[in-house]
Each structure stands twice: as structure tokens, then as C-alpha cells.
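The points are numbered and may be read beside the sequence and the model.

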Amino acid sequence: MPNDCIFCKIIKGEIPTDFLYKDKEIVAFKDINPQAPVHILITPVKHIPTINEIQDDDLQLVGKMVNVAKKLAKKTNIAQKGYKLIINVEKGGGQEIFHIHMHLMGGW
Ligand code: AMP
Ligand code: ZN
């Protein structure tokens with residue numbers, strides 16, 4: 001993993017962060033610049049730069065990200081009303097941090 005990856009630093013605890021979810025494979029924390037009343041980032045511990053680099057072995061990981069998003073939507077009381085799950089891919093897709101992550105946004 002590149003040692004300049006900000007999300008790897010967050011995951012390793014090098015940048016103090018309140019985790020809303022954390023297990024061996026997935027972590028979640030609040031977006032530093034929220035674009036919605038609830039704006040959470042869900043990311044794998046494994047450093048994968050973009051969805052373009054996803055391998056067959058990673059498919060379970062992507063499923064787990066969706067499952068964590070679902071749980072956090074319920075926990076933050078936005079599940080019933082509805083929310084967006086967004087993965088930006090590459091610069092043209094709006095990706096700024098090259099460690100895959102899913103945006104959970106809602107609460108409007
Ligand atoms: P993306 O454009 O999909 O790569 O999204 C990157 C997101 O990471 C943006 O919404 C940023 O606000 C967010 N972000 C950047 N640095 C941090 C940080 N240190 N802690 C939490 N969120 C961050
Ligand atoms: Zn990383």
C-alpha cells in the first residue's frame with residue numbers, strides 16, 4: 001500500500017478518527033466535508049485504488065461494504081426515508097481519494 005494514502009493512514013490509526021464501524025475488513029467514518037446531513041464513507045481495509053482494480057477475490061468485500069452501508073443507514077435513521085450509495089471511479093468520475101470507498105448519503 002502506498003504510505004501516502006490518507007485512508008490507509010486513517011485505517012491504521014495514524015490520523016485520529018471516530019469509526020462508526022470497524023472490523024477486520026471494513027471501516028466506516030464520517031466524511032470530513034459532508035455533502036448531506038448524514039455522509040459516511042465505507043471503505044475496505046485492503047488498499048485497492050479504484051473499482052477498476054477490483055479482482056474476483058474482492059467481490060465479497062464489495063458486498064460487505066454494501067451490507068455495512070445498510071446497517072449504518074438503519075443506525076442513523078435514514079433507512080426508511082432513503083439514501084444514496086455512491087462510488088466515484090477515477091478522476092473523471094469524481095474520485096479524489098484513490099482507496100476505494102462508498103459514500104452513504106441521506107437525511108435530507
Ligand atoms: P471521492 O471524491 O469519492 O474520492 O471522495 C473523497 C471523500 O473523502 C470526500 O468527500 C472528502 O470530503 C473525504 N475526505 C477527505 N479527507 C478526509 C478525511 N481525512 N476524513 C474523512 N473524509 C475525508
Ligand atoms: Zn489506502
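1. Basis of the note. The model is predicted, with local features requiring pLDDT of at least 70 and side-chain atom pairs pLDDT 80 or more, while totals for chains, interfaces and linings use all residues; side-chain values rest on heavy atoms, with hydrogens and water left out. Residues are numbered from 1 along each chain as its sequence is written, and chains are lettered from A and ligands numbered from 1 in the order in which they are written.

2. Surroundings of ligand 1. This ligand is surrounded by 16 residues, and the closest are Asp31, Gly94, Glu96, His101 and His103. A residue counts as near a molecule or strand if one of its heavy atoms lies within 4 Å of it.

3. Polar contacts of ligand 1. A polar contact is a pair of N or O atoms within 3.5 Å; within protein, one atom must be able to donate a hydrogen and the other to accept it, and residues adjacent in sequence count only if both atoms are side-chain atoms. An N or O atom in the side chain of Asp31 is 2.5 Å from an oxygen atom of ligand 1, and a polar side-chain atom of His103 is 2.8 Å from an oxygen atom of ligand 1. Ligand 1 taken alone exposes 500 Å², of which the protein buries 85%. Accessible areas come from the Shrake-Rupley method with a 1.4 Å probe; for residues, only the protein chains shown count as cover.

4. The zinc site. Cys5 (SG), Cys8 (SG), His47 (ND1) and His99 (ND1) coordinate the zinc ion (ligand 2) at 2.0 to 2.3 Å. Donors are N, O and S atoms within 2.8 Å of the metal (3.2 Å for Na, K and Ca), and water is not among the atoms, so sites may look incomplete. Along the chain, the donors of the zinc ion (ligand 2) follow the spacing C-x2-C-x38-H-x51-H. Cys8 belongs to helix H1 (residues 6-11) and His47 to the loop between strand E3 (38-44) and helix H2 (59-75), so this pair ties together parts that are 39 residues apart in sequence. Helices (H or I, at least four residues) and strands (E, at least two) are DSSP runs, numbered from the N terminus.

5. Geometry and burial at the zinc. The site of the zinc ion (ligand 2) is tetrahedral, with angles of 105 to 115° among its four donor atoms; four donors count as tetrahedral if all angles lie between 85 and 135 degrees. Cys8 and His47 are both buried. Buried means under 20% relative accessible area, exposed over 50%, and partly exposed in between (1.4 Å probe, protein chains only).

6. His39. This residue is placed in strand E3 and is buried, at a relative accessible area of 5%. The side chain of His39 reaches the backbone nitrogen of Gln35 at 2.9 Å, and a polar contact of 2.8 Å links the side chains of His39 and His103. Apart from neighbours within four places in sequence, the residues in contact with His39 include Lys30, Asp31 and Leu104, where contact means heavy atoms within 4.5 Å.

7. Positive phi values. Asn77 has phi near 65°, a positive value in a residue other than glycine; Asn77 lies in the loop between H2 and strand E4 (83-86) and is exposed, with a relative accessible area of 68%. Glu90 also has phi near 65°, positive in a residue other than glycine. Glu90 is located in the loop between E4 and strand E5 (102-106) and is partly exposed, at 30% relative accessible area.

8. Ile87. This residue is found in the loop between E4 and E5 and is partly exposed, at 29% relative accessibility. Not counting residues up to four places away in sequence, Ile87 touches Ile51, His101 and Met102.

Terms used: Four donors count as tetrahedral if all angles lie between 85 and 135 degrees; four count as square planar and six as octahedral if opposite donors are over 155 degrees apart and all others between 65 and 115; anything else is irregular.
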